[in-house]
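Dear colleague,

Please find below the structure that I am handing over to you. My findings follow directly after it.

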Amino acid sequence: MKPTTPPKTYRVKSFGCQMNVYDGERMAELLAEQGIAPAPEGEDADLVVLNTCHIREKAAEKVYSDIGRLTKGKTQQKAPMIAVAGCVAQAEGEEIMVRAPAVSMVVGPQAYHRLPEMLDKAVRGERSTDTDMPPIAKFDALPARRKIGPTAFLTIQEGCDKFCTYCVVPYTRGAEISRPFKDLVTEARKLVEAGAREITLLGQNVSAWSGEDDRGRACGLAGLIRMLAGIDGLERIRYTTSHPADMDDDLIAAHGEVSKLMPYLHLPVQSGSDRVLKAMNRSHSAESYLRLLERFRAARPDLALSGDFIVGFPGETDAEFEETLRIVDQVGYAQAYSFKYSPRPGTPAATMDGQVPREVMDERLQRLQAALNRHQVAFNQASVGKSCAVLVERKGKLDGQWLGKSPWLQSVWFTGTAAIGDLVDVELIEAGANSLEGRLSRVGDAQQTA
Ligand code: 5AD
Ligand code: SF4
């Protein structure tokens with residue numbers, strides 16, 4: 001590779017989960033700190049970071065085709081310097097270096113704080129790979145958060161020890177690691193000072209977070225939430241994603257006691273069939289999942305539920321798929337994510353017997369999504385007539401129109417006088433499948449719930 005002039009502009013393209021969105025934001029901040037500016041919309045960037053996801057589909061092939069488009073002038077006029085980051089970088093780093101000579105840097109999710117050094121090398125014409133997994137050294141090495149919008153992500157935990165048999169995360173993101181309590185409280189305070197009014201605590205297995213509080217006592221996610229709820233100016237707390245095995249009594253109680261903790265829970269079930277759940281190594285049954293939700297609802301009756309589903313796991317029969325449809329009806333999800341099973345190299349399920357044909361998966365996914373959609377519409381319709389606080393996130397397309405989120409994470413739009421970051425009281429007056437219309441009742445610091 002030839003030496004080159006240092007890049008003046010960058011673009012980070014993030015794929016996949018919220019964790020990747022967070023990582024993408026942090027990489028952008030890191031590059032900005034090196035004096036590199038974000039490339040304006042529609043203009044070429046000197047440096048493109050492909051922040052990849054490996055969880056489903058042919059992610060690696062997509063990376064190679066993205067690289068091809070960048071180098072052949074299809075995405076932008078001049079070929080940029082290219083960095084591949086994220087989970088594909090972690091899983092296939094060496095291969096990317098061999099197959100894609102146009103890539104200057106390959107950096108795994110635990111190593112991206114080293115981007116500045118790698119960038120210096122790239123400018124000198126040296127290619128480099130860093131897919132080390134040191135225990136979260138990166139968080140200390142990253143720059144402080146600058147001015148941000150009213151909602152912010154805060155990664156509190158990374159990695160996963162659950163080893164669901166379909167999932168690549170334990171291999172790409174490594175073992176579960178919790179960031180220290182003190183660092184998180186400090187970072188949350190800084191986020192609030194920088195403008196955040198809502199913080200979403202992130203982790204592949206956020207409910208497995210554990211630490212020691214400021215008095216040295218063992219503390220779980222609920223303890224952390226209670227502490228963060230004491231921060232003045234922080235109005236809303238959310239967390240994602242959880243595993244049913246880690247939801248303890250204290251967390252359930254916190255949903256009833258901490259008014260800043262929003263009435264929304266994303267708790268993946270994946271399947272409604274106990275045989276499939278066992279083959280997935282999920283450690284819960286359909287029944288134990290339903291009982292757990294009952295306890296959450298007892299603590300917080302208006303809790304909105306969300307989940308993840310996989311159709312076509314190896315060996316899934318029609319009858320087993322019907323059990324998934326049944327659990328969807330039993331829970332009545334406010335919204336959910338559903339996926340076709342995708343074999344991930346190196347995971348146990350990829351070599352299991354009974355791989356389900358694509359047409360069968362397509363048909364099951366359609367039926368599942370129709371059912372989930374029906375419940376989402378019903379949930380939104382049942383919200384009509386309620387009053388709630390909306391956190392204003394951005395302007396709408398029309399003059400005087402604003403968009404924000406309800407406590408139940410529904411998108412709400414309304415017309416009137418407001419500003420980004422306001423918590424306004426609205427009455428929900430009309431429901432669509434994906435958003436609701438609100439009527440402004442009062443601007444200012446509204447109550448959190450209906
Ligand atoms: N195929 C399909 N979906 C998957 N997920 C994880 N791995 C796979 C896979 N191999 C889904 C699960 C998980 C979500 C983040 O992605 O539903 O909860
Ligand atoms: Fe993957 Fe299961 Fe861990 Fe979630 S809990 S990240 S699905 S292994």
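The domain assignment divides the protein, a predicted model, into domain 1 (9-134), domain 2 (144-262), domain 3 (275-383) and domain 4 (387-443). Mean pLDDT is 93, with 97% of the residues at 70 or more. Residues 443-450 are the stretch to treat with caution: pLDDT stays under 50 there, and the model gives this stretch 25 contacts beyond four places in sequence. Where pLDDT is low, predicted coordinates should not be read in detail.

Between domain 3 and domain 4, the C-alpha centres are 30 Å apart. Nine residues from domain 3 and nine residues from domain 4 take part in the contact. About 690 Å² is buried between the two domains, 51% of it on carbon and sulfur atoms. On the domain 3 side, the residues that lose the most area to domain 4 are Asp 302, Asn 380 and Ser 383, which together account for 56% of what that side buries.

Leaving aside residues up to four places away in sequence, Tyr 239 touches, among others, Leu 201, Ile 225, Leu 265 and Phe 296.

Finally, the surroundings of ligand 2 include Cys 160, Cys 164, Cys 167, Asn 205, His 243 and Arg 282. The shell around ligand 2 consists of seven nonpolar, two polar and two charged residues.

With kind regards

Key
Residues numbered from 1 in each chain as written. Chains lettered and ligands numbered in written order. Predicted model: local features only at pLDDT ≥ 70, side-chain atom pairs only at ≥ 80, totals over all residues. Heavy atoms only, no water. Near = heavy atom within 4 Å. Nonpolar A, V, L, I, M, F, W, Y, C, P; charged D, E, K, R; others polar. Contact = heavy atoms within 4.5 Å. pLDDT = per-residue confidence, 0-100. Domains from an automatic or database assignment. Buried area = accessible area lost by both parts, 1.4 Å probe.
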